[in-house]
Amino acid sequence: MSDRLPQGEEKRRAVRGLFDTISPRYDLVNRVMTFGLDVGWRRTAVASLRLPGRSLVADLACGTGDFCRELQRRGYRAVGFDFSHGMLVNARTGAPLVEADVLQLPLADGGADGVTCGFALRNVVSLGGFFRELGRIVRPGGRIALLDASEPDNPVMRAGHGVYFNRVVPLIGGTLSNKDAYSYLPKSMAYLPGPAEMVSMLREAGFHDAARRQLSGGITQLLVGTRS
Ligand SMILES: C[S@@+](CC[C@H](N)C(=O)[O-])C[C@H]1O[C@@H](n2cnc3c(N)ncnc32)[C@H](O)[C@@H]1O
């Protein structure tokens, strides 16, 4: 992938190809890159759902199934959706997995009690379209918990994080997996709108109480909300 950030159909194809390529070692690189913190972030996200036991939760852009496993551990019924065949083939979860684009889900209106999504907001071609799809599939009273990377507010932490994310992550990813892919991931942060805009987009999509929390000093953000 070149330095220019692709848009539209070109982005869709590039993102799918990228995750197909890195899928065999995705879990390993994730654990090393985040020092295992990603496990705790998913736990926090699932705990924030606060839905009744056995609720049906769609994990969107499920990748290799980490969220699905955590959802099942907490007593939810999980179904994973992802458009990368490679990620689904390398998934380690007993939950049913569906190969689909999260912008056009094969789910009925109000068909899900909840949604989780990990580290994919900057990957979709249209974030507004994705949030509208959440508004469509989540039933009134249902909950969402969305994680993505973020920049810390504290300037010192932000500088350190910038060096780590832009220099060290591509090095680790390049050594263990694929250099181009892990150079693109930090750059793809540019696709993400600011926190206030994302919260406002979620409110417009029907999640009246949408809110954002920072995790681990602000290197990750959690967006939560209840469907009106
Ligand atoms: C960084 S990985 C995250 C995987 C997993 N959620 C996790 O927490 O580890 C991003 C995932 O989003 C998927 N993805 C990106 N855009 C998608 C789309 N439009 N439809 C379905 N999956 C998508 C990719 O295939 C990839 O598996």
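I count a residue as buried under 20% relative accessible area, exposed over 50%, and partly exposed in between, with a 1.4 Å probe and protein chains only. This is a predicted model, so I took local features only at pLDDT of at least 70 and side-chain atom pairs only at pLDDT 80 or more, while totals for chains, interfaces and linings use all residues. Residues are numbered from 1 along each chain as its sequence is written, and side-chain values use heavy atoms, with hydrogens and water left out.

Entry: Val-39. I looked up its accessibility; Val-39 counts as partly exposed because its value is 31%. I find Val-39 in helix 3, residues 37-47 (helices are DSSP runs of H or I, at least four residues, numbered from the N terminus). Its C-alpha lies 8.8 Å from that of Glu-70, 31 residues away in sequence.

Entry: cores. I took a nonpolar core as a set of buried Ala, Val, Leu, Ile, Met, Phe, Trp, Tyr and Cys residues joined through side-chain atoms within 4.5 Å. The largest has 49 residues, and Phe-130, Phe-131 and Leu-134 are among those with the most contacts inside it. Helix 6, residues 127-137, gives the most to this core, with 5 residues. A second, separate core of 21 residues includes Leu-49, Cys-62, Tyr-76 and Val-224.

Entry: ligand. I noted 19 residues around the ligand, Asp-82 and Gly-118 being among the closest (a heavy atom within 4 Å). For polar contacts I used pairs of N or O atoms within 3.5 Å. A ligand oxygen is 2.8 Å from a side-chain N or O atom of Tyr-26. Ligand nitrogen lies 2.7 Å from a polar backbone atom of Ala-61 and 2.9 Å from one of Val-102.

Key
Helices (H or I, at least four residues) and strands (E, at least two) are DSSP runs, numbered from the N terminus. A polar contact is a pair of N or O atoms within 3.5 Å; within protein, one must be able to donate a hydrogen and the other to accept it, and residues adjacent in sequence count only if both atoms are side-chain atoms.
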